[in-house]
Amino acid sequence: MEEFSVRTTRKFQVIDITAKVQEIVKRGATPEGICCVFAPHATAAVTINENADPNIGEDLQEALAKLIPEGIWRHDRIDDNAAAHIKAAIVGPSETVPVKERKLMLGTWQSLMLVEFDGPRERKVFVQIR
Ligand code: ZN
């Protein structure tokens, strides 16, 4: 398994990690299989979506903010970031992508994204190919 770090710079941020994951897949020992991309965090997530239009990241933020208001949850009494936990739970901590000839088989408009919900922070991403 390999890992890399991403330093987020805002509270909400969508960061394209496709190139970093593809680089790991390219030099990996497994030319074909499944690549698991996993963020070991409770307030960040991993998703696959379009990155050609950065509005999609902004739209995701706005949609989730409309669905999940801030400051009204039980966990807010503990450390005031319940909305970030709920958003991360909905988006989920991982994605799996088929690998063929050491290439991620993503569609033309698909990118792997790390989604920060409670930044800025240092985030880890684990990548395992089997
Ligand atoms: Zn918390």
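What follows is a friendly chat about a predicted model, from its sheet to its pockets.

Trainee: Hi! What should I know before I look around?

Mentor: This is a predicted model, where local features need pLDDT of at least 70 and side-chain atom pairs count only at pLDDT 80 or more, while totals for chains, interfaces and linings use all residues. Residues are numbered from 1 along each chain as its sequence is written, and side-chain values use heavy atoms, with hydrogens and water left out.

Trainee: Great. What is the strand order in the open sheet?

Mentor: The open sheet has 5 strands in the order β1-β8-β3-β5-β6, with antiparallel pairing. Strands here are DSSP runs (E, at least two residues), helices are runs of H or I with at least four, and both are numbered from the N terminus. Two strands pair if DSSP finds at least two bridges between them.

Trainee: Which strands stand at the edges?

Mentor: β1 (2–7) and β6 (103–104) do; each has a single partner strand, so one side of each is left without a neighbour in the sheet.

Trainee: And how many bridges join β1 to β8?

Mentor: There are 6, and the two strands run antiparallel. As an example, Ser-5 has Lys-124 in β8 as its bridge partner.

Trainee: What about β3 and β8?

Mentor: Those two are antiparallel as well, joined by 4 bridges. Cys-36 stands opposite Gln-128 of β8. On to β5: strand β3 (residues 33–38) pairs with strand β5 (residues 94–100) over 6 bridges, again in the antiparallel sense. Val-37 has Glu-95 in β5 as its bridge partner.

Trainee: Let's go inside. Which residues have the most contacts in the largest nonpolar core?

Mentor: Ile-17, Val-21, Cys-35 and Leu-112, in a core of 20 residues. A nonpolar core is a set of buried Ala, Val, Leu, Ile, Met, Phe, Trp, Tyr and Cys residues joined through side-chain atoms within 4.5 Å. Buried means under 20% relative accessible area, exposed means over 50%, and partly exposed is in between (1.4 Å probe, protein chains only).

Trainee: Which elements supply at least two residues of this core?

Mentor: β1, α1 (18–26), β3, β4, β5, β7 and β8 each do.

Trainee: What does Ile-17 touch?

Mentor: Leaving out residues up to four places away in sequence, Ile-17 touches Phe-4, Val-6, Val-37, Leu-112, Met-113, Leu-114 and Val-125. Contact means heavy atoms within 4.5 Å. There is also a second, separate core of 10 residues, and Ala-45, Ala-83, Ala-84 and Met-113 are among them.

Trainee: New topic: how much space lies in the largest pocket?

Mentor: About 240 Å³. On a 1 Å grid over the protein atoms alone, a pocket is an open set of points with protein on both sides within 12 Å along at least five of seven lines, a cavity is a set where a 1.4 Å probe fits but cannot get out, and lining residues have an atom within 4 Å of a point.

Trainee: Which residues lie nearest the centre of the largest pocket?

Mentor: Val-14, Pro-54, Ile-56, Gly-57 and Glu-58, out of 16 lining residues. β2 (13–16), β4 (44–49) and α2 (55–67) each give two or more residues to that lining, and α2 gives the most, with 4.

Trainee: Last one: what about the backbone in the loops?

Mentor: Most residues other than glycine have a negative phi, and most peptide bonds are trans. In this model, Glu-101 has a positive phi near 45°, and Arg-102 has one near 60°. Glu-101 sits in the loop between β5 and β6, and Arg-102 is in the loop between β5 and β6 too. Glu-101 is exposed, at 62% relative accessible area, while Arg-102 is partly exposed at 31%. Also, a cis peptide bond joins Gly-119 and Pro-120, with omega about -5°. Pro-120 lies in the loop between β7 (111–116) and β8 (122–129).

Methods:
Grid points are joined across faces, edges and corners, and a volume is the space filled by probe spheres set on the points.
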